[in-house]
Amino acid sequence: MFKKTLVSLVVSAGIVSSLNAETLKHDMNILATSLSSVQRAFLLNDREKSVRLLVNLKKNITHTLGSTKKVINLLPDKLKYKSRIAVNSGKMINQYIHQIDDIYADKSLTNIQAEMEAQDALLNIQVQCYKCHNLVRDWDKK
Ligand code: HEC
């Protein structure tokens, strides 16, 4: 009886962790698609499209990186000790997306000024994506 429970525990733990890996990949791919669609709208200088896609990016960022707990859960166990750096990346990404909101709401900026400031903030978001990835990955040197 005990043995059977133990086996099913181990099996279900295995399933849970592989599901998490799938969810992580899925959520990260959504983030990447969302970020590049905003980048494209910025490259087109399409303000209406940018504003609409930014709402989406913000939602996806909140979903995946919206809290310290969420960010720590993204990290594999052996990297949890580096979680402060990852948590900081998550925080910065959230700050930059709020900053973009403020820029668009700021009536004292001309459209082109707002656009340029938002472009900077979007680049900063990408820098933080890389920071966390460099923490969790190693280059496969061939
Ligand atoms: C807190 C850390 C962290 C931040 C911040 C972060 N990621 Fe990730 N990301 C991960 C982890 C962990 C993985 C999975 C491990 C791996 O692929 O090496 C991952 C994987 C990915 C993948 C590959 C998914 C796959 O199918 O293999 C993409 C694409 C991605 N992230 C996009 C982004 C984008 C875009 C941002 C910024 C908006 C971002 N990530 C920010 C931790 C982070």
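Student: Is His-133 buried, exposed or partly exposed?
Tutor: His-133 is partly exposed, at 27% relative accessibility. Buried means under 20% relative accessible area, exposed over 50%, and partly exposed in between, with a 1.4 Å probe and protein chains only. Keep in mind that this is a predicted model: local features need pLDDT of at least 70, side-chain atom pairs count only at pLDDT 80 or more, and totals for chains, interfaces and linings use all residues. Residues are numbered from 1 along each chain as its sequence is written, and side-chain values use heavy atoms, with hydrogens and water left out.

Student: Which protein atoms are donors of the iron atom of the ligand?
Tutor: Met-28 through SD and His-133 through NE2, lying 2.0 to 2.3 Å from the iron. Donors are N, O and S atoms within 2.8 Å of the metal (3.2 Å for Na, K and Ca); water is not among the atoms, so sites may look incomplete.

Student: Where do Met-28 and His-133 lie?
Tutor: Met-28 is in helix H1 and His-133 in helix H5, so the pair ties together parts 105 residues apart in sequence. Helices are DSSP runs of H or I with at least four residues, strands are runs of E with at least two, and both are numbered from the N terminus. Met-28 is partly exposed, with a relative accessible area of 24%.

Student: What is the geometry of the iron site?
Tutor: Octahedral, with angles of 86 to 179° among six donor atoms. Six donors count as octahedral if opposite donors are over 155 degrees apart and all others between 65 and 115.

Student: Which residues come nearest to the ligand?
Tutor: Met-28, Cys-129, Cys-132, His-133 and Arg-137, out of 17 residues around the ligand. A residue counts as near if one of its heavy atoms lies within 4 Å. A polar side-chain atom of Asn-29 also lies 2.8 Å from an oxygen atom of the ligand.

Student: What about Cys-129, which residues does it touch?
Tutor: Leu-35 and Ile-93, not counting residues up to four places away in sequence. Contact means heavy atoms within 4.5 Å. Cys-129 and Ile-93 are 36 residues apart in sequence, and their C-alpha atoms are 8.0 Å apart. Cys-129 lies in helix H5 and is partly exposed, at 23% relative accessibility.

Student: New topic. How many helices and strands does the chain have?
Tutor: Five helices and zero strands. Along the sequence, the pattern is α-α-α-α-α.

Student: And how many residues are in the largest nonpolar core?
Tutor: It has 26 residues. Such a core is a set of buried Ala, Val, Leu, Ile, Met, Phe, Trp, Tyr and Cys residues joined through side-chain atoms within 4.5 Å. Helices H1, H2, H3, H4 and H5 each give two or more residues to this core. The largest share, seven residues, comes from H4.

Student: Last one. Is Thr-64 buried or exposed?
Tutor: Thr-64 is buried, with a relative accessible area of 5%. Thr-64 sits in helix H2. Beyond residues up to four places away in sequence, Thr-64 touches Asp-27, Met-28, Leu-31, Lys-70 and Leu-74.

Notes: Tetrahedral: all angles 85-135°; square planar, octahedral: opposite > 155°, others 65-115°. Polar contact = N/O pair within 3.5 Å; in protein donor to acceptor, adjacent residues only side chain to side chain.
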